Each structure stands twice: as C-alpha cells, then as structure tokens.
Amino acid sequence: MSEAELVVDGVSKYFGGFCALDAVSFEIRRGEALGLVGPNGSGKTTLLNVICGLYPPTKGQIFFRGFRIDGHKPHLIARAGINRTFQLAKPFKSLTVRENIDLALSHRKGDGASLDEILNLTNLTGMVGLEAGNLNAGQQKRLDLARAISLEPSVLFIDELGAGLNPVELNELAEILRKMQYGGRAIVVVEHLMGFLEKVVDHVLVLNAGREIFRGELRNALNDQDVKRVFLGDSIGH
Amino acid sequence: MAKVPPRRLVSRFTRMVIDRSISWDLVGIVVPIAAFGLAPKFYSNELLLTYMMVYIVMAQGINISYGFTGYLPFGYVGFFGAGAYAGSLAVLDLHVPAILGVLIGGVGGLLVGSLLLPLFRLRGAYFAIGSLAAANALADIISNPSLTSITNGPYGINLASAYSSGEIYVSAMVLVGLSLAVVFYLRHSQFGLSLRAIKEDEYSASMAGVNVVKQRSIAWLMAATMAGMAGSIFGWATTVFYPSAVFDTSISVISIVFALFGGTGSLWGPTFGAIVLYSAYTAVGISNPQYFQLIYGVIIIALILFAPKGIVGVAKTTRARIFTRGKQVV
C-alpha cells in the first residue's frame, strides 16, 4: 500500500478552556476519498482550519508526505499541496473568474492543469470575464473549488460544498469530485448530506464534541448506535 | 533579465492599448502630469498647485493602503511628518541638495513604516487608532525640547536657504507621476491582484498561495515611502514649518476624504478627489472661511450616504446601468 499523503496524529485544539478537538487521528492516501461527518459544533471545520494552518494545534502533530507541517503558515501549506474549499464559498468577489483562478495559478509550483482545463472541469467555461460577485451560489462554490485545485493539491478538503445546492448541482459536484479522485487526489469531504456523501466517499470519520466516535465504511456508520444517537437523539439511538 | 524580442514588445504594447482599462489608466497618468505641466501658464499660484500635487500623492498612498489591502491608516500623517523632517534635516545638517532630501524623506517614511509593521496585528478601527497613536507619539518625540539639538524641537525648521520654486514644482510633478505609476502597476499586476484578494479575505488569499504578511507589508512600505517624499516636498515648499504643521491629523483625514471621494482601488479616483476637493476647499477657505468646516462635514456625510464607492464607483454603476439596459444580467 502507498505511503500516506497526510497523517494527522493525536491533534487537539483548545480555545481557552474549550476543547474543540480532542486527540483526533487519521491518515489518507492518494486516490482515497474520506468523509468527515458530525453534527454542528463537532469540530470538523476546526480540524480543517488546524490542518490548513489557520490555527496551530494545541497538541499533536500533522505530517504531509513525511514532513511535519503543523504550525506552518497557510500559504506554505497551500503551495506544498494541501488545499480546501470553504463552508461559505469565499471567491474574491471583486475579481473576475479568470483573475480568481490566475491568482492561484501564479503561486503554483510546477506543471498542472491549465486555466481552460480547470474552467472545463468546474463547469465555469464561458464565465471567465464575469466578476465573482455576480455569480450565483452554486457557481461561486465551483469557483471556490477551481481556486483550490489550481494549486494542484494532492490533498483536498471540501467543506460542505453541497449545502444549499439543488439536486442537479449536487450531481454535477459529485461528478467533479469523482474525476479528481480518479486523478490521484486524496479528498476529504465534510458534509451533512448523506445522499451526496454516498456518491463520493466509501469511508467516514465521525466526530462528536471534538472526539472521534466512529471510523469505517459509510454503510456501517449508518447502523452504528453511537452515530445514530449523535445524529438522531437518545430515544432513537437506543 | 531575459531580452524581449521587439515584435513581442510591440504586440504587448498593442494589447495594452486595446485593453480598455489599461489604456484608460495610462490616460490617467498622462493627463494629470500634462495638466500640471501646463497649469502655471494659466494660474500663477505655483505653491497652491504644489500642495495639490502633494495631496494627490497622499490620496494615492491611502489608495494603496486602504484601496488595495483594506487597512485605513488614520496615522498616515506620521510618514508625512517623518519625511518632512528627514528630508529637511538632511538638507540642513548634511548639506545634501534639496532634491536628494526628497529621496531621504522617502527613506524616513520607509523607516517609520518598517517600525510600525507590528500594527498589522491589529484590525479595523483598532488598526486606525493604533496608527494614529503612533503618529502622535512620533510628533511628540520630534517636538520634544530635549531633542532640540537634533530636530530643533518645538522651534521648527527653516529651509529658506534651499527654496527654489521651479525645482519644488518639478519634483512634485515627478512624485505625482511616480505615485500614479505605482498604482498603475498595482492595478495591472499579479502583485496587485494578490493585494485585492488580501483585502477581501486574508485567509482565503493565503489558500490561493498568497504570502499575506509579505505582500501587505510591501504595499504598506510603498505607501509610507510615498508619504515621506510628499512630506519632504511639502516642507521644502512651505520653507518654515513646525512639528504641529507636518504632524497635523487633519492631513491624514483630508487625504482619506480625497481618496474616498474619488473612489479607492482605482487610479483616477484619488487624483480626481484630490483635485476637485482641494480646489473646493481652497475656494471656500478664501471666500467663506466661516463655512469651511460645515461644508467639509456635509461632504463627508454625503459621501458615506450616497457614494460609498466614490465618484468612480458612481460612474461605473451608471455606465453599467446604461449599457445593460434591456439586456439580461447574469
């Protein structure tokens, strides 16, 4: 089996006395797709923020291709090959679609997909000259994704990209993510929509209150008592 | 540096001319410089024109700091005052030519800007207040009587021996050209694109690979250097000045109002704002000085209420309305 691209080893994060993440560990290899699941406030986005360099972890270590990256600056982590989208899409609204992607392309190390290929993959062809602020929610999310993949990340975190999209847009998105996975990327999908998750990932890591409560195949997670209790409440879980 | 074949240079220039925003910005550099070159033939008060050019540079400096990176420095006058003192003291104590003094003024602004880089740990109103406090502290240090042997303390500076109206005027024109060229570069380069991304969202910009701290610091130091040179020319033109004149907070406020009135993030906006409002202020200040503060206040309120993106923003919106009338917008 290939070496893990990303290793998260016992990562904890405290904000003052509040424990947002408690000794979370996982690994992901090339071409794998992992779902990161949990109710609101379970620490999913905090975990992404810690891995991508927004916050340093309070405890634990993070390795990317064998190099320790925890505590590094976000732009260095992005250039090294880890990137993410945002729960609320954050394209640069005053910039055009082309400028949004060009900005990321200008910081890419080495070769990779061209502007046209990225536009084609994310179904944004024909919108290059539009200001990102004029795009609809689905298009803005795809642009966020286009910005993230422009740096050719080998590990890509997708943070609730499906929220607020209609079924057609969700299918388009699932198709895009599958293409990326086949291209050898490791993908971590943070999502509440189980139907969407089923189309993209096989394995999931379930968090609750910052702790791992389940790790394994998605179909097994749906039958796990702890997972049911967390998502559906005590009366149904028992 | 790689040599660019002449044919490719021509094609690059042709592309720039064809690109409407680039050619419009090129006109925005040429027209003000040509206008100030011709202005003394029609208007004899060169000192007033020099001050106007100084304020164009200050407004463009605010444009770089606020329009491109989103940091509004109410203490921007600190660089202006530091430049005025650095340039003047170099002329008086080191006996350098006054034109070289302008460059030393820029270095003075740059040094103070470097010292204030930790201010970027603050954001929004805290940054604005922090920069204002730093400028006031610098003014207090320079005007301290115990530093009279170095800065002449509260007794000010007399540059009468270096006065040359022609040299001052040309220096101001060159500085305006330089500031416009810097803003032109920011509007049409990857560096400028990075700054605009930083203004929108720093973390998102860093996820696009942008080194936020480095790029923001470079922009800040550019703005500080420009203000230092502007302050140096102001001191040279004013001849006799005191710390209170070159560290006056109203210089920051007026520069900010000029930049916002015209529209930040653009090349034309701050120039337009400085020319129109400085002319209006001067006219009102001479004819009806008792209404000066009133009119000043009304303009700021009107700006916030009706044109938050400045005159350039209003022009853009109007143009978009005219050209998209009857067409479907995305």
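What follows is a chat about a predicted model with chains A and B.

Visitor: What kind of model is this?
Guide: The model is a predicted one.

Visitor: Start with the sheet in chain A. What is the strand order?
Guide: The order is β6-β7-β8-β3-β9-β10, an open sheet of six strands in chain A with mixed pairing.

Visitor: Which strands stand at the edges?
Guide: β6 (82–84) and β10 (211–217) of chain A do. Each has a single partner strand, so one side of each has no neighbour in the sheet.

Visitor: And how are neighbouring strands turned against each other?
Guide: By 20 degrees on average, with direction ignored.

Visitor: Parallel or antiparallel for β3 and β8 of chain A?
Guide: Strand β3 (residues 33–37) and strand β8 (residues 186–190) of chain A pair in the parallel sense, over four bridges. Within that pair, A:L36 is opposite A:V190 of β8(A).

Visitor: Which helix packs on the sheet?
Guide: Helix α6 (residues 167–182) of chain A packs there and touches β3, β7 (155–159) and β8 of chain A. The direction of α6 makes about 150 degrees with that of β8(A).

Visitor: Backbone next. What is phi at A:A23?
Guide: Near 50 degrees, which is a positive value in a residue other than glycine. A:A23 sits in strand β2 (residues 18–28) of chain A. A:A23 has 14 C-beta neighbours inside 10 Å and therefore counts as partly exposed.

Visitor: What about phi of A:E152?
Guide: Phi of A:E152 is also positive, near 50 degrees, and this residue is not glycine either. A:E152 belongs to the loop between α5 (137–150) and β7 of chain A.

Visitor: Is A:E152 buried or exposed?
Guide: A:E152 counts as buried, because 20 C-beta neighbours lie inside 10 Å and the cut-off for buried is 20 or more.

Visitor: Over to chain B. At what angle do the axes of α2 and α8 cross?
Guide: In chain B, the axes of helix α2 (residues 20–42) and helix α8 (residues 165–187) cross at roughly 175 degrees and come within 10 Å. The two helices are therefore roughly antiparallel to each other.

Visitor: Which residues meet there?
Guide: From α2(B), the contact includes B:G28, B:I29, B:P32 and B:F36. From α8(B), it includes B:V176, B:G177, B:L180 and B:F184. By class, the residues of this contact are nine nonpolar, three polar and two charged.

Visitor: How many residues does α14 of chain B have, and how far does it reach?
Guide: Helix α14 (residues 268–287) of chain B has 20 residues and reaches 28 Å from first C-alpha to last, close to the 28 Å expected at 1.5 Å a residue. Its buried residues include B:W268, B:F272, B:I275 and B:Y278.

Visitor: Where is B:L277?
Guide: B:L277 is in helix α14 of chain B. B:L277 counts as buried because it has 21 C-beta neighbours inside 10 Å.

Visitor: What does B:L277 touch?
Guide: Leaving out residues up to four places away in sequence, B:L277 touches B:V257, B:F258 and B:F261. B:S204 is 73 residues from B:L277 in sequence and 36 Å away in space, C-alpha to C-alpha.

Visitor: Last topic, the contact of the two chains. How many residues from each?
Guide: Chain B gives 17 residues and chain A gives 24 residues. On the chain B side, α9 (190–200) and α10 (202–207) are the elements that give two or more residues.

Terms used:
Residues are numbered from 1 along each chain as its sequence is written. Chains are lettered from A and ligands numbered from 1 in the order in which they are written. This is a predicted model: local features need pLDDT of at least 70, side-chain atom pairs count only at pLDDT 80 or more; totals for chains, interfaces and linings use all residues. Axes are lines fitted to C-alpha atoms, for helices over the stretch in contact, and angles run from 0 to 180 degrees between N-to-C directions. Angles under 35 degrees count as roughly parallel, over 145 as roughly antiparallel, 65 to 115 as roughly perpendicular and the rest as oblique. Two residues are in contact if their C-beta atoms, placed from the backbone, lie within 7 Å. Ala, Val, Leu, Ile, Met, Phe, Trp, Tyr, Cys and Pro count as nonpolar, Asp, Glu, Lys and Arg as charged, and the others, Gly among them, as polar. Two strands pair if DSSP finds at least two bridges between them. The expected span of a helix is 1.5 Å times one less than its number of residues. A residue is buried if 20 or more other C-beta atoms lie within 10 Å of its own, exposed if 12 or fewer, and partly exposed in between; C-beta atoms are placed from the backbone.
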